[in-house]
Amino acid sequence: MVGHVVVPGDKSISHRAVLIGALGEGETLVRGFGRSGDTQATVDAVRALGVEVEDAADDELVVRGAGLRGLRAGAVDCRNSGTLMRLLTGVVVGQDGEFTLSGDDSLTPRPMERVAVPLRRMGAEVETTEGHAPLLVRGSGALRGIDVEPEVASAQVKSAILLAGLNANGTTTVVERVATRDHTERMLEAAGARVRARATSVTVEPAGALRLGEVVVPGDFSSAAPLLVAAALVPGSDVTIHDLGVNPRRTGLLDVLERMGARVSVFERRRAGGEPVASVQVQPGELVATEIGADEVPGLVDELPLVALLASHARGETRVTGARELRVKETDRIEAVTDGLRALGARVRSLPDGWTITGVPARLRGGRIDARGDHRIAMLGAVAGLSSREGVAIEGADTAAISFPGFYELLESVTRR
Ligand code: S3P
């Protein structure tokens, strides 16, 4: 694994650029848009609600904003994207008319009361289907600002509340004891909203108008993660990823890699579009086990399956706890990782909220892994394939395109020497 690469634009930031651009005045130019199954669902969603989006290039969009209360009522298929469904709920509660939000077989069973409950407290009418999608929202012009501490540490829930707060009367404050990704608050501030972010809370005031102008989307840290972990595991590797988003609320994996003994260097630090960006280089080291608890989880929530793989190659027993949220991602990632890595020869035991993983003396044997329709599990399988003795066959490998079309080609480009 040797090379210098860039990865597609950040998925979380791309979703937000389209949604906030749709609520804005005039044109928003989104550069470095991370086009994928999930972000395309967001583009199609705002189009279904009357917003014009021009595909200027594969990684460039122009969103012609409809204004803060200008979306047209309608039905949206959020497909596989939990981020879209939750953020869009916060957007449409403040619009006029009725909205139906549905999703695919992976999204439908995921919990939606976590957004419905706080939004109802704001005066919104949100009906779930026994706690799940499809959702029916009757928009209201009379939302109230609230102070709320969501039941789970979730950037999606926080973002839904903040977006609803733009169209509310009075101030909206979300308290979070464990910090989650803050892309929404950064982008709202860039669009001219009055946002105050503190260590454990964020406040938004009702907005008159938003104007984003231009968003430059950095590379997606979560898409870089499989390459970084592969570089830590495959002997002789030296991989550098450039123009990468290194928002400190996203880069928990770098701390874990360093703690476990990989060689990590972050350089060429700068800011782009209100977000920190850098180049990140990873080389292998002698890996040792580590402990990860609830406080660290939001900073690497989507990377935890990869951490389980790292731990399978580390000396000692690694314990990951406080990650019950993994059970309600695109699939139950606790069980998918336990079954998947065990089938490759790893020693993994599932806990209600994580795993214990004991490193195996040599490399993993390899075998077959079922992605279970989950993009992160498919990419985990590919990295496990590179670090194993016999390679890994991935069932449902195509699902990687939900977040990262071109993933296998990019991985191959640094694998061939
Ligand atoms: C996301 C937040 C996280 C993450 C997801 C994207 C976001 O979910 O797992 O992939 O863009 O806000 P939660 O907020 O549910 O933890």
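This is a predicted model: local features need pLDDT of at least 70, side-chain atom pairs count only at pLDDT 80 or more; totals for chains, interfaces and linings use all residues.
So, α6 (183–190) and β15 (214–216) each supply at least two residues to the lining of the largest cavity. Helices here are DSSP runs of H or I with at least four residues, strands are runs of E with at least two, and both are numbered from the N terminus. Residues are numbered from 1 along each chain as its sequence is written, and side-chain values use heavy atoms, with hydrogens and water left out.

Back to that cavity. Which element gives the most to its lining? That is α6, with four residues. Among the lining residues are H183, R186, M187 and A190, along with V215, V216 and I13. By class, the lining splits into eight nonpolar, two polar and two charged residues. For the classes, Ala, Val, Leu, Ile, Met, Phe, Trp, Tyr, Cys and Pro are nonpolar, Asp, Glu, Lys and Arg are charged, and the others, Gly among them, are polar. The largest cavity has a volume of about 70 Å³, and a search of the whole structure finds three cavities of 30 Å³ or more.

How do we find such spaces? Rolling a probe the size of a water molecule over the atoms shows where empty space is left. On a 1 Å grid over the protein atoms alone, a cavity is a set of points where a 1.4 Å probe fits but cannot get out; a pocket is an open set with protein on both sides within 12 Å along at least five of seven lines; and lining residues have an atom within 4 Å of a point. Grid points are joined across faces, edges and corners, and a volume is the space filled by probe spheres set on the points.

The largest pocket has a volume of about 830 Å³, and of its 44 lining residues, A153, S154, A155, T180 and E325 lie nearest the centre. The elements giving two or more residues to this lining are α1, α3 (82–92), α5, β12 (172–175) and α11 (375–387). The lining holds 12 nonpolar, 11 polar and 21 charged residues. The second largest pocket has a volume of about 320 Å³, and nine nonpolar, four polar and three charged residues line it.

Where does the ligand sit? In the largest pocket, where "sits" asks for more than half of its atoms to lie within 2 Å of the grid points. The residues around the ligand (a heavy atom within 4 Å) include S12, R16, T83, D302 and K329. Both α1 (11–22) and α5 (155–165) supply at least two residues of this shell.

Let's look at the polar contacts, meaning pairs of N or O atoms within 3.5 Å. A polar side-chain atom of R16 is 2.7 Å from a ligand oxygen. For S154, a side-chain N or O atom lies 2.8 Å from an oxygen of the ligand, and for Q156 a polar backbone atom lies 2.9 Å from one. Taken alone, the ligand exposes 390 Å², and the protein buries 93% of that (Shrake-Rupley method, 1.4 Å probe).

Last, some backbone geometry. Most residues other than glycine have a negative phi, and most peptide bonds are trans. Here, A133 and P134 are joined by a cis peptide bond, with omega about -5°, and P134 lies in strand β8 (residues 132–138). E130, in the loop between β7 (125–129) and β8, has a positive phi of about 50°.

Note on methods: A polar contact is a pair of N or O atoms within 3.5 Å; within protein, one must be able to donate a hydrogen and the other to accept it, and residues adjacent in sequence count only if both atoms are side-chain atoms.
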